[in-house]
Amino acid sequence: MDDFLTAARERGFIHQVTDEAALAARLRQGVLPAYIGFDCTADSLHVGSLVQIMILRLWQRCGHKPVVLMGGGTTKVGDPSFRDEARPLLTDEQIERNKAGILKVFETFLTFGEGAADAVMLDNAAWLDELRYVPFLREVGRHFSVNRMLTMESVRQRLERDQPFSFLEFNYMLLQSYDFLELRRRHGVALQMGGSDQWGNIVMGADLIRRMDGAEAWGLTTPLITTSSGAKMGKTASGAVWLNAARVSPYGYWQFWRNAEDADVGRFLALFTDMPMEEVRRYAALGGAEVNEAKKVLATEATALLHGRAAAEAAAETARTTFEQGMAAETLPSIGAALPASVLDLAVAAGFATSKAEARRLVGNGGLRLNDAAVSDITAQVTDADLRDGAAKLSAGKKRHVLVRAG
């Protein structure tokens, strides 16, 4: 069985681990189920969740069992972690619809089935919806110190900013900890993984398992992934980069990775592809014009994992004929702009709209695209990160296009 901790650290997945030596010893004994929770707040996950998906994929590749926990129950409460305000509450029908969309994403990354290391998808509504609240507080709530809960970063920030923090949200960490307990009891799950913002909740869940059942449990978090320029992962001028093809096409997804900053290519190859680390290091060492080849490899490999090899190669070929053979440069007009620049200003400068008000309507109607991805945010900016081989393609409808160049 492959050494998960060594591989995960080498690829950049590990931020914090509880009692790593004991976890390593347990992993040597055989297959271990581990889980990550995903709330059903939209009908797709986006690139911001991809590091969690990829660590579950690595977990399975190393011979262990991934458990994908859908938050059908906790979505009804809302995770307050690092949010300035409460999420809107969704209906049961909306949650089920979102859960079905998210499942489609996971089916491309994990192997589901009945085998010892096959992935399973569970829903915490199975136990949370059946809770009798007073017995829950007596049995579980007594193990939580309000003093300690108030020190959690997600809670403290909201209180310091004097922003509303409902008692419903305050219960979230109890429910997440209870998820871990139920998964330990029902499915033998002894490791919870998640983003670095979940560290407090994960530790409290492992502590609850020790207090109530006297059993071992561990936590592992991944680092917050940002670009080299400090931008949040998965955010572009045209909005979030979703993982469902109905929201972002394979070509748009390919272009997102192709537009990675030079300094990020090696790190992203390690995190977001299955490429062996020897090859990752070779591509990461490329400089100058050669780094563009590494970006194309990143784009194709990342797209192949999500949309399949054929779709990835088709996207790469479309990009090659459109950009590299000069078709776009020869046939499309260009405009220069000091970047970052507002997409509304650029739409006016390109002649797509006669005023900002008209440009706003164009965005609202889904008629403006940046690098073939719909622009959904009227405050979006075109930045250097959106340039591909020195230009970003701005389009209105199917027939009007310009290349935006820095200058």
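Which residue in β5 does Tyr 35 stand opposite? Gln 192 is the one facing Tyr 35. This is a predicted model, where local features need pLDDT of at least 70, side-chain atom pairs count only at pLDDT 80 or more, and totals for chains, interfaces and linings use all residues. Residues are numbered from 1 along each chain as its sequence is written, and side-chain values use heavy atoms, with hydrogens and water left out.

Let's start with the sheet. Strands β2 (residues 33-39) and β5 (residues 191-195) run parallel, joined by 2 bridges.

Helix α3 (residues 50-61) has 12 residues, and 16 Å separates its first C-alpha from its last. That's close to the 16 Å expected at 1.5 Å a residue, where the expected span is 1.5 Å times one less than the number of residues. Since 11 of its 12 residues are buried, α3 is largely enclosed by the rest of the structure. Buried here means under 20% relative accessible area, with exposed over 50% and partly exposed in between (1.4 Å probe, protein chains only). Trp 59 and Arg 57 are among the buried residues of α3. After α3 comes Gly 63, which has a positive phi near 95°.

Next, the aromatic rings. Rings of Phe, Tyr and Trp (its six-membered ring) pair if their centres lie within 6.5 Å; planes under 30 degrees apart count as stacked, over 60 as edge-to-face and the rest as tilted. That rule gives 8 aromatic pairs. Two of them involve Trp 257:

| Pair | Centre to centre | Plane angle | Type |
|---|---|---|---|
| Trp 257 and Phe 268 | 5.9 Å | 85° | edge-to-face |
| Trp 257 and Phe 272 | 5.0 Å | 45° | tilted |

Trp 257 belongs to helix α12 (residues 250-258) and Phe 268 to helix α13 (residues 265-272), 11 residues apart. Phe 272 is in α13 too, 15 residues from Trp 257. Trp 257 counts as buried because its relative accessibility is 1%, and Phe 272 is buried at 1% as well. Ring pairs link Tyr 253, Phe 256, Trp 257, Phe 268 and Phe 272 into a cluster.

Notes
Helix = DSSP H or I, 4+ residues; strand = E, 2+ residues; numbered from the N terminus. Pairing = 2+ DSSP bridges.
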